[in-house]
Amino acid sequence: MEPNNKLCDSKTSNGSINTTKYHIQKDGDTYQNLPTQTTTSRKKKRRDKSDLGENFVAPDGGWGWIVALASGLNSLVAYAAAQQFGIIFQGYIAELEITSSQLTMIINTQIAISELTGLVNGPVFRRFSFRQVGLMGSVLQFAGLFACAFSKSFQFFMLSYSWCYGIGRSFITAASALAVNTYFKKKRRAATSYQFGVAGLGPIVMPLLATYLLKTVGVRDTILCFAALSLNTFAGSLAFQPAQWHVKKHGNDPNALGRLNVTEKVENSSRIKDSGVLQNSEHNDQDGERLGDTSSTEKENGYNYSLRLITKEQKYNNYQGTSTNTHNVGESDGDGDGDSDSGEKPKKSYITRIVIFFDLDLFRDLTYVNLVFGLTLVNFVEINFVVLTPFILSDFGFSLNQVALAMSLMGFTDLVMRFLVPPITSKMKMGNMALFAAGLLGMAIGRLFLAYTTNVYIMIAIFLWLGVSKAFRTVFWALILPGHVSLKRLPAAVGIQRVLAGTFSLACGPVIGIIRDKTSYADVLHFLNGLILLALFMWLLEYLIRKRRGEQAFGKEDCV
């Protein structure tokens with residue numbers, strides 16, 4: 001048999017690339033090669049953990065349901081200390097002699113830090129997996145709450161609660177959301193419903209637990225108990241196994257490898273070369289079975305098949321004369337593109353680097369901008385309505401017991417409906433955007449009637465209606481951005497939206513107080529409804545414009 005020449009690249013321990021020309025000839029049952037190596041120094045790139053490849057197929061079940069349950073548990077525990085802040089820390093704040101203005105600063109700073117941390121979601125999730133981010137958030141959250149129990153000053157309380165706990169809670173929330181969206185595609189609606197259903201138990205159970213602990217063990221030990229409770233997010237984050245572990249493989253499906261992370265292909269390629277794949281036909285048969293190639297003709301011809309194993313994973317440039325092949329396989333970003341040394345890359349400006357690092361080029365997508373604008377308004381309206389509800393009802397002349405009854409009924413109805421959303425909507429041929437808009441419109445109608453209500457029975461009926469609408473709003477809120485952007489860019493997209501929502505709330509929050517001081521809470525409700533209608537109008541306007549052009553506005557959703 002005539003000798004054949006072949007090129008093969010391999011990495012050295014220091015990250016450089018060895019370009020080897022193999023002279024292969026048949027010698028009995030073995031194959032010998034005489035390499036001539038040329039070393040090219042290259043900088044090793046970090047793998048993008050958020051890029052699962054274009055051919056990734058979500059498991060849509062199996063271990064994913066455990067992930068959805070763990071995500072709900074994480075949300076329940078992570079928000080416990082924030083939701084019960086007034087109950088837990090009321091006596092402790094007075095003991096530390098923290099003023100009302102300082103108390104307001106602690107609460108608002110914690111909210112702002114949690115939202116602004118979303119700006120680093122893109123870079124963080126490119127470097128770390130959602131499991132690692134969840135574990136980091138769990139440690140930070142526990143450390144912050146644990147330190148609060150021993151805080152002796154306003155500054156230390158700000159550092160421990162507002163900063164440490166706030167950043168930890170933000171990481172846990174982002175990791176939980178990304179885990180569910182990664183594991184589910186077609187059944188994302190059901191998974192999100194169950195996730196928020198579990199999280200909805202928090203406002204019902206945690207106030208009772210906090211009150212019981214305060215009466216039983218005191219303030220400081222109650223804080224320590226909630227710090228210990230926060231460690232459940234560590235266990236929940238451990239359940240966020242890499243989705244590639246649970247990808248469904250279909251027997252002899254030749255495309256099964258396409259469903260794996262692209263980095264597995266690179267690792268398999270390196271493993272083949274390092275183990276001396278050009279050895280004998282017996283080893284070639286084993287490697288062939290691992291790569292899913294069942295051609296018996298090629299297995300019998302070990303020589304041809306060994307070359308096929310190399311060329312199957314890598315693309316080579318033509319080798320002529322004494323030129324050196326510099327194609328780099330191991331440094332692809334995950335989209336299959338290699339780098340070349342043929343020319344130097346142009347230097348990026350400082351502003352360009354910032355745009356790339358934080359994924360700010362998302363603002364080039366006008367649909368994304370419109371969605372973020374609307375979601376920012378929705379976030380502002382819903383947060384203010386939840387906070388102001390007791391004050392609004394009291395101003396309308398309802399007693400404290402009636403207010404508590406109304407809010408409890410709304411919370412219970414909301415919780416039940418979150419679990420019922422999947423079977424109810426499975427028969428509806430409506431997308432997530434339409435159902436989300438229906439929930440927002442239902443909330444606006446409820447607030448409209450509430451503004452003119454003084455009868456307690458009508459008020460209770462309105463809050464039951466608000467509970468149903470709130471369930472639709474909560475469940476489908478979490479599906480809007482995942483339905484528009486890819487998984488790779490989802491952390492950055494959600495993070496940017498959270499940053500804008502937090503900034504808008506801080507800037508426009510005083511407007512609510514001004515309206516109340518100048519008019520009444522009824523006008524506050526009308527103002528909040530006006531913002532919701534503005535968001536719905538902008539979405540409807542884009543839908544009509546794109547429909548007229550024959551384009552699709554908000555992406556095709558096939559969630560069930």
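A nonpolar patch here joins Val, Leu, Ile, Met, Phe, Trp or Tyr side chains within 5 Å of one another, taken from residues with over 30% relative accessible area and no salt bridge. In this predicted model, one such surface patch of about 740 Å² is made by L441, I445, L448, F449, Y452, W465 and L533. The model also holds ten salt bridges.

**Nonpolar patch**
- Helix α19, residues 432–450, gives the most to the patch, with four residues.
- F449 lies in helix α19 and is exposed, with a relative accessible area of 51%, the cut-off being over 50%.

**Salt bridges**
- R489 pairs with D359, their closest N and O atoms being 3.1 Å apart.
- R489 is partly exposed at 26% relative accessibility, whereas D359 is buried at 11%.
- R473 and E382 form a salt bridge with an N to O distance of 3.4 Å. R473 lies in helix α20 and E382 in helix α17, so the pair ties together parts that are 91 residues apart in sequence.
- Both R473 and E382 are buried.

**Helix α22 and its end**
- Helix α22 has 29 residues, 521–549, and should span 42 Å at 1.5 Å a residue; its end C-alpha atoms are 43 Å apart, which agrees.
- G550 follows α22 and has a positive phi, near 80 degrees.
- E551 forms a salt bridge with R546, the closest N and O atoms being 2.8 Å apart. E551 is partly exposed, at 38% relative accessibility.

Technical notes
Residues numbered from 1 in each chain as written. Predicted model: local features only at pLDDT ≥ 70, side-chain atom pairs only at ≥ 80, totals over all residues. Heavy atoms only, no water. Helix = DSSP H or I, 4+ residues; strand = E, 2+ residues; numbered from the N terminus. Expected span 1.5 Å × (residues − 1). Patch = residues over 30% accessible without salt bridge, like charges linked within 9 Å, V, L, I, M, F, W, Y side chains within 5 Å. Areas by Shrake-Rupley, 256 points an atom, 1.4 Å probe, with all protein chains shown as cover. Salt bridge = Lys/Arg side-chain N within 4 Å of Asp/Glu carboxyl O. Buried < 20%, exposed > 50% of the residue type's maximum accessible area, 1.4 Å probe, protein only.
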